[in-house]
Amino acid sequence: MNKVILCGRLTRDAEVRYSQGSNTAVARYTLAVDRKFKKDGEPTADFINCVAFGKSAEFAEKYLRKGIKIIVVGRLQTGSYTNKDGQKVYTTDVIIEEQEFAESKATSQQNAPQIPPTSPDGFMFVPDGIDDDELPFN
């Protein structure tokens, strides 16, 4: 049995291309899947390459954006090719059979990194009432 179930966040928007002969959509994206254990107290993740075909690829093109948390089900597929330098390169991909959102859109937006507002000269606004001791710099 070859079955993979992953939950992670997209590291970038899904990249979609269409095959020449059958005009079938092919989507590629990478999932950052957190590891259970931390290395030196810091969280670590595995970056898993995923490939979706047909309707699943069209769904990815339309809805899958960087930072969105999804769950995928698929199968592991390995392969190899020779690059332009003549070196053999080995690949491992998850071929997607199912994919779905792992959190609501509102939760996803809450988890997005917040970019503080800046002034026209490019400096960040510091709210009133912040002590110098609370700033990350002196």
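Reading aromatic pairs

The count of aromatic pairs in this predicted model comes to three.

Me: How is a pair of aromatic rings described?
Reply: Such a pair is described by two things, the distance of the centres and the angle of the planes. Take phenylalanine 59 and tyrosine 63: their ring centres are 5.0 Å apart and their planes stand at 45 degrees, so this pair is tilted. An angle under 30 degrees would count as stacked, and one over 60 as edge-to-face.

Me: Where do phenylalanine 59 and tyrosine 63 sit in helix H1?
Reply: Helix H1 covers residues 54-63, and within this helix the two are four residues apart, which means about one helical turn separates them.

Me: Is phenylalanine 59 buried, exposed or partly exposed?
Reply: Phenylalanine 59 has a relative accessible area of 25%, so it is partly exposed. Tyrosine 63 is also partly exposed, at 39%.

Me: What are the distance and angle for phenylalanine 59 and phenylalanine 101?
Reply: These two rings form a tilted aromatic pair, with 5.6 Å from centre to centre and 50 degrees between the planes.

Me: Which parts does that pair tie together?
Reply: Phenylalanine 59 belongs to helix H1 and phenylalanine 101 to strand S6 (residues 88-101), so the pair joins parts 42 residues apart in sequence. Phenylalanine 101 is partly exposed, with a relative accessibility of 38%.

Me: Which residues do the ring pairs link into a cluster?
Reply: The cluster consists of Phe59, Tyr63 and Phe101, linked by ring pairs.

Key. Residues are numbered from 1 along each chain as its sequence is written. This is a predicted model: local features need pLDDT of at least 70, side-chain atom pairs count only at pLDDT 80 or more; totals for chains, interfaces and linings use all residues. Side-chain values use heavy atoms; hydrogens and water are left out. Rings of Phe, Tyr and Trp (its six-membered ring) pair if their centres lie within 6.5 Å; planes under 30 degrees apart count as stacked, over 60 as edge-to-face and the rest as tilted. Buried means under 20% relative accessible area, exposed over 50%, partly exposed in between (1.4 Å probe, protein chains only).
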